[in-house]
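Biologist: Please show me how to read a model of this kind, one feature at a time.

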Amino acid sequence: MSKTVEIQIEKTRSLLEGLRRHVKEMGERGVTNDEINAMEQAVNELAASNAEVDRLREELAPKVKQMNTVMARVKDAYAEKKKTLKGYYPQERWIDYGVPDKR
């Protein structure tokens, strides 16, 4: 759970407990049981959404690691081939091989 979300959930749940204890005296100030219930439902939705995000992050982490490994191989191969081409051909011909950069 992200620390920011976790802190917000804790703070909101604490506020809800306090509001529930004092709803009768707060009712005349514009806080109703319906509003408290709606707020509680929202915080529960936040907790559920955050749990889903955490689950997705756990699934994503190994895939990102695999992608980064493949990306490193591709970059290394690209750099090697580009260096070879630049060594054998004059700058004017680099574009023919898909190497747009200049010295």
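Biologist: What pLDDT does the protein average?

Modeller: This is a predicted model, and the protein averages a pLDDT of 90, with 94% of the residues scoring at least 70.

Biologist: Where is confidence lowest, and where is it highest?

Modeller: Where pLDDT is low, the coordinates should not be read in detail. Here the lowest confidence is in helix α2 (residues 23-27), with a mean of 69, while α3 is highest at 95.

Biologist: At which residue does α3 bend?

Modeller: The bend, about 30°, is at L60, and the proline P62 follows within four residues.

Biologist: Which residues of α1 are buried?

Modeller: An α-helix has 3.6 residues a turn, so residues three or four places apart point the same way. In α1 the buried residues are V5, I9, T12, L16, G18 and L19. In α3, the buried residues include I36, V43, A47, N50 and D54.

Biologist: Which residues form the largest nonpolar core?

Modeller: That core has 9 residues: V5, I9, L16, L19, V23, V31, I36, V43 and A47. Both α1 and α3 supply at least two residues of this core, and α1 gives the most, with 4 residues. Leaving aside neighbours within four places in sequence, A47 is in contact with I9 and R13.

Notes
Residues are numbered from 1 along each chain as its sequence is written. This is a predicted model: local features need pLDDT of at least 70, side-chain atom pairs count only at pLDDT 80 or more; totals for chains, interfaces and linings use all residues. Side-chain values use heavy atoms; hydrogens and water are left out. Buried means under 20% relative accessible area, exposed over 50%, partly exposed in between (1.4 Å probe, protein chains only). The bend at a residue is the angle between axes fitted to the seven residues ending there and the seven starting there. A nonpolar core is a set of buried Ala, Val, Leu, Ile, Met, Phe, Trp, Tyr and Cys residues joined through side-chain atoms within 4.5 Å. Contact means heavy atoms within 4.5 Å. pLDDT is the predictor's confidence in each residue, from 0 to 100.
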